[in-house]
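Please open the structure in your viewer and keep the selection tool at hand. The tour moves from one selection to the next.

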Amino acid sequence: MRIFVGVCAVAVLAGCASPAENEASTIRVATFNASMNRSAAGELVADLQGDDTQIRAVADVVGQNDPDVLLINEFDYSGPDAVNLFRDRYLDGKYEFSYTAPVNTGVDSGLDLDVDGATDGPGDAYGFGQFAGQYGMVVLSKYPIDTSGVRTFQNFLWKDMPNSLLPRDYYGDASDALRLSSKSHWDVPVDVDGRTLHVLASHPTPPSFDGPEDRNGKRNHDEIRLTADYISGAEYLYDDNGVRGGLDSGASFVVVGDQNSDPVDGDSVAGSIQQLLDHPRVQDPAPTSEAGSGTDTADFADPVPGDLRVDYALPSDDLTVAGSGVHWPAGVEHPSDHRLVWVDVQI
């Protein structure tokens, strides 16, 4: 929590609520694709048990920005072990609350999804990965997380999205079994002084590494659409507990994550990220960095694809934005090809 605003000077005036009812907490919500993925299961835990230079640099970036709620993308899933080690050994135990869960990356589908004649490669997993949980996610929070209210969409089938871009001609019989989310989509409710903020976390697949069928570009588009439709309360959606529907109307939220889609450049299907940026319930703070990279958030190979805006922290329209930024200081070596993106909101 950073500041408090907006209390009535004279509580006895007609129609004026008590100070406690009018206090607004300003909190910082951030997303960071920290590239904490490793090449084999167990390697991240092993690195966290030592004094890893790259992980230490990630922790320094987190410390310099001091978010109250943080989504980390590309944090290999291994249950609570890696999360606890990172929090306790590298973040000084600042984040009392956390949420992580299994993701689709590296999970064997038993299908030949990359059409190479085999069914046991990383491209045949529900999400590309060398092992189950690679490129996972974790939410860290200084505020309590309502774990009983978390909704996940790891198992939602692509075929069940109406009018999807699912390329059935490419996948053939496997089309009906393919999960949409390449990692997962989460709604993580955070209790901010009695008010609920929904952290809508995801990490859609990059719209590349495919062929003329553009299967990854189409999947990226529809993964972003899942979040947009969830905000709109789409009834076709079902979560991993079988509960149907989307977010309640009027709920406060921040969309966070590496969406792998730039509104102007890159290989995205046209209009992919605009599904969120142009959504009537979403604000775009358009954060910039001090390095003069505009709104770009990732430093990819030059000249193609070059710097792109792919990481987002997008608050709902009912929240007041008090500030935003991309952590991209000039002349500093970074621990990831992505930059931390933050937004300060009053809730």
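What follows is a short walk through some strands and some salt bridges. This is a predicted model, in which local features need pLDDT of at least 70 and side-chain atom pairs count only at pLDDT 80 or more, while totals for chains, interfaces and linings use all residues. Residues are numbered from 1 along each chain as its sequence is written, and side-chain values use heavy atoms, with hydrogens and water left out.

Begin by selecting residues 195–202, which form strand β8 (strands are DSSP runs of E with at least two residues, helices runs of H or I with at least four, numbered from the N terminus). Six of its eight residues are buried, so β8 is largely enclosed by the rest of the structure; buried means under 20% relative accessible area, exposed over 50% and partly exposed in between, with a 1.4 Å probe and protein chains only.

Next select residues 253–258, strand β9, which runs parallel to β8 with four bridges between them; Val 255 is the bridge partner of Leu 200.

Finally, select Asp 344 and Arg 28, which form a salt bridge with the closest N and O atoms 2.7 Å apart (a side-chain nitrogen of Lys or Arg within 4 Å of a carboxyl oxygen of Asp or Glu). Asp 344 lies in strand β14 and Arg 28 in strand β2, so the pair ties together parts that are 316 residues apart in sequence. Both Asp 344 and Arg 28 are buried.

Terms used:
Two strands pair if DSSP finds at least two bridges between them.
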